[in-house]
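Here is a briefing for a first look at this structure. Start with the view below, then read the points by topic.

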Amino acid sequence: MKFGLFYEISIPRPWTPEKERTVYNNCLEQVKLADELGFDHVWAVEHHFLEEYSHCSAPELFLTACAVLTKNIQVGHGIVVCVPEFNHPIKIAERTATLDILSGGRLHVGTGRSATWTELGGFRANPDTTKKSWDEFVRCLPKMWMQETFSYQGEFWSMPERTILPKPYQKPHPPMWVAVTSPGTEIDAADRGLGSLGLSFAGFDEQEKKIKEYRRRIKSCEPVGAFVNEQVATTNFLFCHEDEKTGVEMGKRLGNTFNYLATQLISTREVFSSPSYQSLGLLPALRRAATGPDANEQQTEGMAYGDPARIIRAVKKWESLGVDCINFILNANEVVPQDQVMASLRLFAKEVMPVFAKGSAAKVAAE
Amino acid sequence: MPLYGTLDITQNAKALPTLANLDTEAWTLPKAEMLQLLIEVPRSTTDGLLPKAMHPALPSYVILAVTKYSESPVGPFNLAVLRLGSRAGAHPRGFLLGAIASTEAAAKELRGRWGIPVEAGEVKFLCRHDRVMGTVSRGGKTILDCALIDPQPVAGTDVQYINWVTAANAPLDGQTQPMLIQVDPKYTFYKAERGKPQVNAFDAAAWNAGAITLADPIVGTCCTVDTDLPRIRFVMDPLKPVFQGTRRIRESRADE
């Protein structure tokens, strides 16, 4: 089992320059500590215009800072929106290659298509075509990274023959993933040999079904890249505390705040009738969970908050379902004070991570 | 946390529709033809239109709908409504700003049963192969002239209609008081089409919509649906956040 951090970079109103800078600095401080503690990944989303929920519109810059500040932790660009109005594919290839070089070959590239009208409408993108443009982009990217020269004529973009520079540090290219929120995207991931970057908070049963289908289909995939990246990552909240009650209470507060902010987003389906967005993605589950920012109802099972023993039980369950990596959201709207986030990371690394470290005495003992 | 509306509906309670009780019987409305246009509006123009209990949708948008009800307990009527995109707690809702019904009887019943702020006027619904049109006038003045241009078939499953919230006076705990009422119709789709919204005339003041100006069209749909106006299930305190001030009036429908 691998562990990562997952950043939306949520910033509460009022947005003063100092507040945005403080939150970004808090995130960087967490990443630096996570690197020292042995966490495997740091992922950062690409979102635009999502007030309070995510101020992470330039993740490549944030991740560059992460890479420069750290030694080992892998940096996940997750996800790059593969819609031409958001990102030109040449720029994606160039930016990611540069980040791979600067990080010394620690880059993972997540791909996706955006789920909110706030973002798609903001860029005047056509929701009907985002699945198709994503498909074109993910097939082009590996070739743009690997081939000396590249030319392309597609439905959504084209270019004459040029040499796209620089090339990634990793050979043949960085691992590729796709964000999985809508039902069926795990099949898209498997069929293309992409890692499944789960962004939903679904319960065990639903996740187990998705993972089984992913594992089954990826065996016969036609990879878009030079290799198959068979990995299943899921997202969770993390708050680890010596006292279970304190850990659960703060973890619930974190989860409720995140969920409530997420439910304020205008999903594409809510306003734009399109066969391309038949599902509300992760929102139905969040709306069921988010009765309010201070709700105290039972949240989705398997959340990684509480004391180390409770969190170990949750992680073991995810491991048994076939999850390879859990990426943790550490904060939302800064409801968890920074010193407590840092203490939670330290305690998790001390008490939980050894149980899941390959070949460790703690793991052997636990088994 | 998310922004809240600023409208205190208790300050102008006399202007709100008044319900005799919260025991409204449901109406079945078969084969209704619904023209619905979604349009983004400047956020600054929606200030003061949304109750304090609710969150604004970001970006701000309105839903213009013109519906032809061929059958109802008060006979055939057309209804045009303007709703403001918003959130009741975690849930997307359209807060009803204004409405015009084509018959006095429909207007009276819709006000008195569900708190829809409706007046009687002239409401036309015209369906052609190249466009579906809705026009609304009152006192000889056109207050809405809109259309769905170039309708193309889509699946009913592609269309999502969000629930309504109205502001009205109604008796609760022995006292008639201002409150928010959730109106959550069900839909069975027979036909759905999608196209571009076009608005040729819109008089915001006539829809109780303050200074709203229509900015960026999102999408338009025209659907044939069996629908209903249901029994009232939830009411909300207009001044408390919805997640703190919601009261369940009766259980959910048997099929939910």
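Trp134(A) is found in helix H5 (residues 130-146) of chain A. Helices (H or I, at least four residues) and strands (E, at least two) are DSSP runs, numbered from the N terminus. This is a predicted model, where local features need pLDDT of at least 70, side-chain atom pairs count only at pLDDT 80 or more, and totals for chains, interfaces and linings use all residues. Residues are numbered from 1 along each chain as its sequence is written, while chains are lettered from A and ligands numbered from 1 in the order in which they are written.

**Around Trp134(A)**

- Trp134(A) is buried, because 24 other C-beta atoms lie within 10 Å. (Buried takes 20 or more other C-beta atoms within 10 Å of a residue's own, exposed 12 or fewer, partly exposed in between; C-beta atoms are placed from the backbone.)
- Leaving aside residues up to four places away in sequence, Trp134(A) touches Cys82(A), Thr111(A), Gly112(A) and Arg113(A). (Contact means that the C-beta atoms of two residues, placed from the backbone, lie within 7 Å.)
- Pro174(A) is 40 residues from Trp134(A) along the chain, and their C-alpha atoms are separated by 18 Å.

**Chain A as a whole**

- Chain A has 13 helices and 11 strands.
- A compact globule of 367 residues would have a radius of gyration near 21 Å, and the 20 Å of chain A agrees. (The radius is taken over C-alpha atoms; the globule rule is 2.2 Å times the number of residues to the power 0.38.)
- The C-alpha trace spans about 60 × 45 × 45 Å along its principal axes.
- Of the 367 residues in chain A, 52% are buried.
- Take the contacts in chain A between residues at least 6 apart in sequence: 75% join residues at least 24 apart.

**Helix H1 of chain A**

- Val23(A), Cys27(A), Gln30(A), Val31(A), Ala34(A) and Asp35(A) are buried in H1(A).
- These residues lie on the same side of H1(A), because they cover an arc of only 140 degrees around the axis. (The arc is that of the directions from the helix axis to the C-beta atoms.)
- Pro17(A), Glu18(A), Arg21(A) and Asn25(A) are exposed on the other side of H1(A).
- The cover over the buried residues of H1(A) includes strands E1 (2-7) and E2 (41-44) and helices H2 (59-69) and H12 (338-356) of chain A.
- Gly38(A) follows H1(A), with a positive phi near 100 degrees.

**Strands of chain B**

- Strands E1 (residues 27-40) and E13 (residues 216-229) of chain B run antiparallel, joined by 12 bridges. (Two strands pair if DSSP finds at least two bridges between them.)
- Ile39(B) has Pro217(B) in E13(B) as its bridge partner.
- Strand E12 (residues 187-202) of chain B also pairs with E13(B) in the antiparallel sense, over eight bridges.
- Cys223(B) in E13(B) is the bridge partner of Ala192(B).

**Where the chains touch**

- In chain A, 22 residues are in contact with 26 residues of chain B.
- Helices H4 (117-122), H8 (244-263) and H9 (268-271) of chain A are the elements that give two or more residues to this side.
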